[in-house]
Amino acid sequence: MEKSPVLIDRKHTVRSWSPILLTLIACDPVEGYHKHLHSQFLGWGFERGYYDTENGRVAYWVKRTGEQEPLVLLHGFGGNGTVTWYRILGRLSKDRPMLIPDLLWFGESHSMAAPTLSAQSDAVQSILQQMAWEKYDLLGTSYGGFVALALVERHSLPIDQLFLVDSPGPYFSSEDIEALHQRFGVNNIHEILVPQNPKGVQNLIDICYYKKGPSVPMPILASEYKRSFAKYHNEKRMLLDDLISRRMPLKSTMSPIEQVHVYWGEFDRIFPLSSSKAIAERFQADITVFPNAAHAPYIQYPQRFVAHLMDDLNTE
């Protein structure tokens, strides 16, 4: 049986922290970094919420105020909703309700359900039902794009615009997967996207950037790995296996969407630019290419990314 959402009071800000707590956080820069992000979200008008079901819990950020159409953001395999999207939210959320969940087995979300794309989409849908928005826009990046498409296929959703960022949907082949393995010198995509140690976290950072990402000191990587990547390895591997097994064309009867936008980094090594063509053709969408960007243009070029996104959101 589903339970009601649980919200943390957004008035609890960094200003109320005790000097002792601030001193302890200063001893752990990773913990301090995440506390700082939490404080930023609260300052932008977000609340931290938790939706409990009999299978687990879905954590999310929600901003309920604003005159513009709501926007839902779905992250990929690299982290959670907070770390993925904070770079673009200061400007994007000024006059817009927003929902940013942690997908299952990422961040603070977890479940006893089988790790599948269907479970992910159902979990996000359960929160969307609580929002009761008449219409909204939906954006998914990488794995989050797959979840967005599953939402549209499985549920009748009042979506105006759908944004797919470096996410080809089911239109990739066994040859594409093998080429991915060869590019990274691995035997399985698990080795790329499910870090087994701190070095794996640095590899994920590098994937986000064209050429190479910023080098992070090993003690910081170790602390971040322990905090954000040390759990749910098996569930994440099962999510990837499920994704690969679902390479079937999207249903022709899926919910109608007013407009679809496809965004892509020019030098994406996970899904090369050529992977964008099939999904764009499926929706008769234009492809916006971010020059000198890799798999996460919103991380490498947040100002450029949010400028494109806001233009598209405001020119329906």
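Me: Does Ser118 count as buried or exposed, and at what relative accessibility?
Reply: This is a predicted model, where local features need pLDDT of at least 70, side-chain atom pairs count only at pLDDT 80 or more, and totals for chains, interfaces and linings use all residues. Residues are numbered from 1 along each chain as its sequence is written, and side-chain values use heavy atoms, with hydrogens and water left out. Buried means under 20% relative accessible area, exposed over 50%, partly exposed in between (1.4 Å probe, protein chains only). Ser118 therefore counts as buried, at 14%.

Me: Which residues is Ser118 in contact with, leaving aside neighbours within four places in sequence?
Reply: Ser118 lies in helix 4. Helices here are DSSP runs (H or I, at least four residues), as are strands (E, at least two), numbered from the N terminus. Contact means heavy atoms within 4.5 Å. With those neighbours set aside, the partners of Ser118 are Arg154 and Arg246.

Me: At what angle do helix 4 and helix 5 pack?
Reply: Axes are lines fitted to C-alpha atoms, for helices over the stretch in contact, and angles run from 0 to 180 degrees between N-to-C directions. Under 35 degrees is roughly parallel, over 145 roughly antiparallel, 65 to 115 roughly perpendicular and the rest oblique. Helix 4 (residues 117–131) and helix 5 (residues 143–154) have axes 9 Å apart and pack at about 75°. That is why helix 4 is roughly perpendicular to helix 5.

Me: How many nonpolar, polar and charged residues does the contact of helix 4 with helix 5 have?
Reply: Helix 4 brings residues including Leu117, Ser118 and Val124, while helix 5 brings, among them, Tyr143, Phe146 and Arg154. Ala, Val, Leu, Ile, Met, Phe, Trp, Tyr, Cys and Pro count as nonpolar, Asp, Glu, Lys and Arg as charged, and the others, Gly among them, as polar. By class, the contact of helix 4 with helix 5 has 7 nonpolar, 4 polar and 2 charged residues.

Me: Which residues does Val147 touch, not counting those up to four places away in sequence?
Reply: Val147 is found in helix 5. Its relative accessible area is 0%, so Val147 is buried. Beyond the excluded neighbours, Val147 touches Leu74, Leu103, Leu117, Gln120, Ser121 and Val124.

Me: How far apart are the end C-alpha atoms of helix 2?
Reply: The expected span of a helix is 1.5 Å times one less than its number of residues. Helix 2 (residues 29–43) has 15 residues, so it should span 21 Å. The model agrees: the end C-alpha atoms of helix 2 are 21 Å apart.

Me: Where on helix 6 are the exposed residues Glu175 and Gln182?
Reply: In helix 6 (residues 174–184), Ile177, Leu180, His181 and Phe184 are buried. They cover an arc of only 100° around the axis (taken from the directions from the helix axis to the C-beta atoms), so they lie on the same side of helix 6. Glu175 and Gln182 are on the other side.

Me: What is the C-alpha to C-alpha separation of Tyr171 and Arg247?
Reply: Tyr171 is found in the loop between strand 8 (159–165) and helix 6. With a relative accessible area of 23%, Tyr171 is partly exposed. Tyr171 and Arg247 are 76 residues apart in sequence, yet their C-alpha separation is 6.6 Å.
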